[in-house]
Every structure is written in structure tokens, then in C-alpha cells.
Amino acid sequence: MRQRLLPILVFALVMAAIPFVPGVPPFWIVLLDNIGLAALVAMGLVLLTGVGGLTSFGQAAFCGFGAYTTAYLTTAYGMSPWLTLPMSLIVSGLAAVLLGIITMRLSGHYLPLGTIAWGISLFYLFSKLEFLGRNDGISGIPPLSIGTWKMLDPGSIYFPIWIAVIICALLSMNLLDSRTGRAIRALRRGHIAAEAFGVQTARAKLLVFIYAAVLAGLSGWLYAHFQRAANPTPFGPHLGIEYLFIAVVGGAGYVWGGVLGAAVVVILKEVLQSYLPLIFGGGGQLETIVFGILLVALLQLAPTGMWPWLTAWLPSGDSRKRPAPADALPARNDHRPDTGVLLQVDKARKQFGGVVAVNDVSFNVQAREIVALIGPNGAGKSTTFNLITGVLAATAGKVAVFGKSISGARPQEIVNLGIARTFQHVKLVPDMTVLENVALGAHLRGRSGALASMLRLDRADEAKLLAEAAKQIERVGLGDQMNQLAGSLSLGQQRIVEIARALCVDPLLLLLDEPAAGLRHMEKQQLAALLRQLRDGGMSVLLVEHDMGFVMNLANRIVVLDFGTKIAEGTPADIKTNPDVIKAYLGAVA
Amino acid sequence: MVSGADSVGERAALNTTILLFLLQDGITNGAIYALLGLALVLVFAVTRIILIPQGEFITFGALTYASLSAGQMPGTIKLAVAMGVVAFAFDLFTFRKALHAKRVLRSIAVNIVFPMAIWGVMWALGGRPGNIALNIALSLLIVAAIGLYLYRIAFQPIAHTSVLVLLIASVGCHLALQGFGLVFFGAEGQRGPAISSDAITIGALRFTGQSIAVYGITIALIVGLWLFFGYTLYGKALRATAVNRLGARLAGIRTSLSGQIAFLLASVIGAISGILIVPITTLYYDTGFLIGLKGFIAAIIGGLVSYPLTAAAAILVGCVEAFSSFYASNYKEVIVFTLILPVLVLRSLAAPEVEEEKD
């Protein structure tokens, strides 16, 4: 904690001292003001684009909402700027809710295109509305003031701007380092894994979109009182592009990358604007040429931006140990049934167009039982998993847990019933640590929301989640790798991390999709021992596996699929001698 | 945007003449948007690049043509030569492990000789305004060269990355090229001479030769692209590249060549659009961006995959624009760009998100 705050405190002190250093040109202070304003917007983009994977070219429009709200209210109604601050933030936030409900649904490249479209649309709206002063905008906005001190010059508004930057950076970092933050960070890698652990991905996307918009609105509010005028130009599509540029330059995945990017771009722009005409003569926006070329070069040479490149030179002080012990999370299930049917798959069917991937398959999983689903490639095993966990909707048939149908339930509801899964193609967030990845599994067992996380009111809850994650990581034998990035582990180990993540759900039924693939012999034996231990502890396991030795020694029962149809079911001994199974695997006996 | 329906006069009751006039205006503009939309679909389908700099191809084509017609030497030729040199350097760097004479010679021919030859012709003309056909040919060649080198320099090295990275790079190219546009052509707008000054009158409507050329060329290009992609081996190779780069390479398709062809076609189409509209309306160095974006709206309605749907959508965009410029001229751009939102939502609902395997 202290280690985390110290650099920020030093930074804050340095920034606070700059205006008092004798001989600092006033012009530098103006530049620093502009850097701070851009940094606020870029920080929002870091969370939205770099962390959440949602690209927006329209952030400048939210600055416009913030700026015009205060401009209008202070000039038309004479409201105090401090009263318009919450109004500016609320208007930006509400605009984000409206636009977010429409655009956050957009998938893939439709999203950035959508943001370009409403960015341009809002720019023209600002410049056409009568009460916003059309192209001339609104002037005569009062300065910020405390008592009789009016912040008229760049040197005084410097303080509110940089206080806002530092506070927002802290809030953003707190947010990322929390239960909600992990959900946001998981978004970029696709929604299936996040939803499998109960994350409401649509809500998480909207949340981070609103957060970014509010930061932009704050920047707009400060801008309006800095310039004491607002006109449409700084809220147009080109500025929207520039903010994204700033985030990419600084390092879109890092909160401080936004600040660094703002500093680099604002200073570079200033230098280019003053020196390029001297070199090349003539007017024109020569700096946009250099900017464009730099952006392309940067993407080719250093796609992660400057911040990671900079921090690589610093000694890494981040050697966090095992999380401190905390109270155990309450077990989610009061009773673990000793007998009875846990999962019932009844004539489940899935068709993709004319292809029947799963053809009226029926089987069940009892309490305290390990069932293996085997079959040649393309037999429909993973599709069956997806039907059970709600990733795909069955064409026909029924899946029931404890006799209650879960047809049509969403993945988030199914995991809540105590069904946790792993994936055939590992779906971890490679740039999060093993601990953070596994803690995502406990998402539903925590309660803290975004606001609590930002204000660090979530620490007790968070400590429990992390302690649970650490416990499960040690249980699967990866205690030494806890603080490594998940992407740096071998594929076999990543599969084990997925199992730990699923265990964090405190499941009744564990669905494992090829857990032993990529493991060495010893590791397979350890995995088998772990699964037996889990079963004896009251958990059921349904696993898809190709390693026959592994399956035969472990499973209580085996279900065999071939071309989507169940061809056999029974104990390992039955299956070994079943002629249909031998035929499916080895072809017809001559 | 393209031609002024604002001049129709004051708010008047909707009578048939005005209706027809607005429709005609909308269809003419829509045809241009259709051309641009087609080029965008083409580039996206082959390279997954969302071609924001398409607007600059329009401006460059139009203003190069206007400058040539006015007897000036357009700056775009210098840009083409310079980009050719850079592209050649990129090629040499790529070939550094195996400098075969044949590859190097081919690269010299494409990147150095080709733009120098265009420059040579222009230099030989020595500032005399050539005839219209020659000016059009030169403008198209210059913009084609720029498009080709743009892909080589900016996109080929990152062709394997995500749609998003390509999009941001695309925005970077747009910024740089627009900046060059201002340097070359200044802040003042220009107009070019019409291809044909004939006109025919049918009832109340007057069809200029220019607008008939717009319709004819649009239809010809749509049919041409459809035939190219549907029935030729090269067209199929381009489509294969779009679906799966690695698979296409394993099947022996040179994916970088596919990208270059796509950019070549897109830049030529952009330049044609520019040359078609510059006699109708005054173009500024930054006008292309907005026109290009309207082509985008059409392309997105077409889902970035369908040519006929894109063409139909473009006509719709043109008509919406014409009618809104008549009834609410202040909010014309607002209306046109807001039009895209419901379309995007419908698109997203129709094609639910597919997990993109990223790594």
C-alpha cells in the first residue's frame, strides 16, 4: 500500500512545487494546464480502450457536454461554477448512458465506427444549437473562485486541474485493482470467460464507458473555466482522434500512460507548431502530418506505448507476496448432497444449420461422481459443455440441475447454481497475474461495486476474495507462480490455473474441458489425485478428455459420443470392451 | 453536400417539382457515396482495414485534376515519388536476407520508375493545361500510386494485427494525408472543368452530362467489381485472403499482393469520385473526409460485405441528405450521421457477437 502511494505522493509534491520555482516561464504553466486537461480524457480512454478493449473516437464530445453545461448554466442563470460541477458530470454521465446503451452493444469494429458517427453528429449539434451560441459558442464564463480568490490566470487554475488529475488517477488505479476492475480487465479477452464466472459484461462495459465520459466531462468543465469560453471546435472529431492518439502513445493499458501520453503529445504539438513553419516555411497544419506519421510508426514499432517502455528501466518494486490471510468466504452451498442426480441432460440437441452437432444426447451426473465424456474429434463434446453452461442455446431437449430446468438460462445464472467450467482453448487474461485471474472465479462471492472500489471501501471484501484465490492456487499446486503473469505460464499450467479459477466458484459440479492436455505424466497423476480428493469432498466432476489412461483410472462412469450421438455409457471396464466404442475409435473390425 | 439543394429557395410546400429535384440531387450524391462505399467494402473485405483515408483519395484525385486543368503542377506527384522511395526502402529492408535481382528490379519498377514516369510526362507538358482525358489519366495514376505505397508503408508491416490496430493506423494515415492536402492545395477550394457540358431535359428535370457520367460510371464499376469478385481467380483470391490470411497463404496466395490490389482499386475509385464531383461543387483539402464518411454509412448499412446493399444504402443516404438539407439544412449533418446509429444497432442484433480469438 505504502509502496504504491509513495511515487504518487512524490509526483504530487513535484507538481505542486513547479509554479513556485522562480523563473518558470508562464507559458510552461499553460502547457501543463493543457497536459492535465488532456490527461483526464486520456485516462478515461485508458480504462475504456486499453483495459476494457472498447475503442471510442468520440470522447471529445463528452468534454463538450461538460463544458457547455457549465457554460450555459453559469452565463444564463448565473450559477456558481462549483454548483455546475456536479451538473456537468451528471450531464456527461447521462449522455454516456444514452449513447452507451446504443453503442456498447455494438460488436467488434462497429463500435469505433459508431463512436465516430455520434462524435461528428454531436459536434454539428453543438455548432447549430441556438442556445449554445452556434459556431461562436458561449463566452464570458466566470472563473473558478474560492472566497475572493478568482482563478483568472493559468497559474491558479493549474491547481484544480492537477488535483483533479491526481485524484482521478488514484480512483482509476483503485478501480482497476478490485473485483469490478478484474471484470473490466477481462472484457478485452472476449466475454465468454467473464460471463462464465458471473460477470454481467454488458453492465461492465456500460460502467467503464460512463466512467470515461465523466472524466471527459470533468476535463470539459475545467476547460470551460480555464478558457472562460466554449465553442464547438475543441469538441470535434479531430480532437476525439487526438485523445485516442494520446492514450496509444502513452500506453493504452496504463493509467499513468494517459498522463505521459498527454505530456508527450501536447509538448510535441507545441514544438512542432512553433518550429515546423520555420523549417519548411508556409502555414498549414504541418504538425498533423508529423502526428499521423508518428502514429503509424508507433503502431509498427511500439504498439504498447511509452509507459511500459519507461517502467522497464525502473527497478520493479512490485514483488507482492501471498495475500494476507483473511476470513474465509462463506461456503456458498449449505449442504452438499451425498446422493441423487445433480445434472440431468435429457435429449439435448444442437443444430448449426443442417449440421447436428449434438443429437438427442441424454446422460446424468450423480452427486460425488466423476463422469467422463469421451469421443473422437468432432463428436460434440465441447458443444455439449456449451449447452450445459448456457453459452449456446439448445435447439431442443432439456438440461436440469437438481431437477430444475436451466434451459434458456444465461451463463451468469448457471454459474450461480454452482456449475463452474474450464475451457478447451484456455481463456485467461494473459496480462493479469495468476492470482488476479483466479480471483475472477470468485466474482460472484464478492459484493463490492465500482464506487466502493474507487474509494477503497472494498478492502475487507477484496482480502477475502484474494485469500480464497490464493487458497485454490495452492490447492492445485501453483503457489510459486501466484504473482506471475498468466500469459507467461506453460499451456499445461494455464489449464491448471483455469481449474483453480473454477474452484473459486465453490462449485457443486466442475466441468473440465481437456484438463490433462499438455501435462506431463507426473502432473497428470497429481491432477487425478486432486480430482479424486474433490469428489471425496462432495464435488461432482464432468470432464472431456482424450487421454484414455487418465480417464479409465479416474472416472466412475464414461459417456461416449460419436458424431453427436451417444453410442455407449458405462463403467470404464464396460467401455473398454464395448464393440461400438472400439469401432468408433479404430474403425470397423475387418 | 455535393451539390446545393440549399439554393432551391425558401421553405416551400412540397410539390412534385421539388420532390423530383431533391430525388435527383439525392441520387446523384448517393451514386458518389455508393462508389466510395464499394471501395470501403472492398478494402475491408480483403484487408480488414477500415479505410478512413478514402476521403483523401477523393480530395487528392479532385484537386490534382483541378490543378492540372489550371495548368499547375500538383504537389501530389512529389508525394507519390517520395512515398515510392520509402516503399522501395521498405521492400529492400524486407528482402535484406535474400536480395534476388528479380525482386529488386520489380520493386524498382513499381516504386521508383512508375511515379518518375508520371512526373516525366507532367514535366514534359511543362505547365500547359493538357486535355481533359490526359488530366484525368494523370490524376488517377498519381492517386493510384499513393494508394499502393500507402498500403506498402503503413499497413503491410502490421497486416496481421487486429481490426482495431489497423483502424487506428488508418486514422493516422488520414491525419497525415489531410495535412499534406493542405500543404499542396492550400485552404482555398477549387473547382475543375466538367467532363461534358451537354445536358438533356426530361420534363421538369435537367440532366447534365456530368450527372449522367456519374450514374454511368457508378453502375459500370458496381457491375465490374461484382464480376471481378464473383468470377475471376484474382477476385476469389482476394476474398480468400479476407476470410483467412494464413489459409490463403498456405494455398499459395500472396496476401500482401492482395492488399496492394485492394488499395490500388480503392484509391482509383476514390479519385474517380473526386474527379466526378469537383466540377459540380467546390472541394477543399478537408472535404473528402466528410464525403468519405457518408460512403462509410452506406458501407456499414451493407454490413461491410454486400455490394448491392451498399449501393442501395448509399442512394438512401444521398436522399436523406438532400431532403434534410431542404427541410432542416442546419441539422443536415446531424441527421445523416445519426442515421447510422439505429443501423448499427440492428446490425449488431442481427449478427450477435462472435468471440474473436485474439492473441
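**A tour of chain A**

Of the 590 residues of chain A, 52% count as buried, a residue being buried if 20 or more other C-beta atoms, placed from the backbone, lie within 10 Å of its own. This is a predicted model, in which local features need pLDDT of at least 70 and side-chain atom pairs count only at pLDDT 80 or more, while totals for chains, interfaces and linings use all residues. Residues are numbered from 1 along each chain as its sequence is written, and chains are lettered from A and ligands numbered from 1 in the order in which they are written.

Begin with the whole of chain A, whose C-alpha trace spans about 90 × 50 × 50 Å along its principal axes. A cartoon view shows 23 helices and 14 strands; these are DSSP runs (helices H or I, at least four residues; strands E, at least two), numbered from the N terminus. Two residues are in contact if their C-beta atoms, placed from the backbone, lie within 7 Å. Among contacts between residues at least 6 apart in sequence, 75% join residues at least 24 apart.

Next, colour chain A by domain: domain 1 (2-306), domain 2 (339-418 + 507-590) and domain 3 (431-501). These bounds come from an automatic or database domain assignment.

Now select domains 2 and 3 of chain A, whose centres, taken over C-alpha atoms, are 27 Å apart. Here ten residues of domain 2 are in contact with seven residues of domain 3. On the domain 2 side, select helix H15 (411-416) and helix H20 (521-536), the elements that give two or more residues to it. The largest share, three residues, comes from H20(A).

Notes:
Buried ≥ 20, exposed ≤ 12 C-beta atoms within 10 Å, placed from the backbone.
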